[in-house]
Amino acid sequence: MNHQKFTPYRDGLVAYAIMLGASLAALRIFTELSWLMSIGAALNSAAFLLFGWDKQLSGGWRLRIPEYLLFGAALAGGSLGAFLGMTFFRHKTLKLSFQVTMALIVMAQILAVVYFFSRGSLFY
């Protein structure tokens, strides 16, 4: 019998994709948000849930979600959800290097949004 073992990167990525898809589907079905707002809310919801899942995996022998996947979820547009997940689940709040990297991601995203909106549109 072939038993596949848990691989944090693959399983974390699959879980993130499922959370993202489910969040996007629910937002499109049950709200009247635009596609852009729905995608942003789904990215943040999925990042929040990913931080919660990693927190639940912590504190034992189980393999965890790699930090670069958590950073990737924030970098993909879910930085608010990642920050709320860190705060709500009290996860990665004592690790200074993680907090500094998250702060840099948030600052880069804020600068990008300010830049694009100062040009008059997010799309050109």
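**Close-up views of a predicted helical model**

**View 1. The bend in helix α3.** Helix α3 bends by about 135 degrees at Gly-78, the bend at a residue being the angle between axes fitted to the seven residues ending there and the seven starting there. Helices here are DSSP runs of H or I of at least four residues, numbered from the N terminus. The helix covers residues 67–88, and its 22 residues leave the end C-alpha atoms only 18 Å apart, short of the 32 Å that a straight helix would reach at 1.5 Å a residue; the expected span is 1.5 Å times one less than the number of residues. Gly-78, where the bend is located, is itself one of the buried residues of α3, which also include Leu-69, Leu-70, Phe-71, Ala-82 and Met-86. Buried means under 20% relative accessible area, exposed over 50%, and partly exposed in between, with a 1.4 Å probe and protein chains only. After the helix comes Arg-90, whose phi is positive, near 50 degrees.

This is a predicted model, in which local features need pLDDT of at least 70 and side-chain atom pairs count only at pLDDT 80 or more, while totals for chains, interfaces and linings use all residues. Residues are numbered from 1 along each chain as its sequence is written, and side-chain values use heavy atoms, with hydrogens and water left out.

**View 2. The largest nonpolar core.** Within this core of 20 residues, those touching the most other members are Tyr-16, Leu-50, Phe-51, Leu-70, Ala-82, Phe-98 and Met-102. A nonpolar core is a set of buried Ala, Val, Leu, Ile, Met, Phe, Trp, Tyr and Cys residues joined through side-chain atoms within 4.5 Å. Two or more residues are given to the core by each of α1 (8–30), α2 (35–57), α3 and α4 (96–118), and the largest share, 7 residues, comes from α3. Leaving aside neighbours within four places in sequence, Tyr-16 is in contact (heavy atoms within 4.5 Å) with Leu-43, Ala-46, Ala-47, Leu-50, Ala-73 and Ala-76.

**View 3. The aromatic cluster of Phe-48, Phe-88 and Phe-89.** These three residues form one aromatic cluster, and the whole structure holds 5 aromatic pairs. Phe-48 and Phe-88 make a tilted pair, with 5.7 Å centre to centre and 45 degrees between the planes; because Phe-48 lies in helix α2 and Phe-88 in helix α3, this pair ties together parts that are 40 residues apart in sequence. Phe-88 also pairs edge-to-face with Phe-89, at 5.0 Å centre to centre and 85 degrees between the planes. Rings of Phe, Tyr and Trp (its six-membered ring) pair if their centres lie within 6.5 Å, and planes under 30 degrees apart count as stacked, over 60 as edge-to-face and the rest as tilted. Phe-88 is exposed, at a relative accessible area of 61%, whereas Phe-48 is partly exposed at 24%, as is Phe-89 at 24%.

View 4. Phe-98, Met-102, Ile-105 and Gln-109 are buried in α4, and the cover over its buried residues includes α2 and α3. The charged end of Lys-92 sits over the ring of Phe-98, 5.5 Å from its centre, and that of Arg-28 sits over the ring of Trp-35, 4.1 Å from its centre. A charge sits over a ring if NZ of Lys or CZ of Arg is within 6 Å of the ring centre and within 35 degrees of the ring normal.
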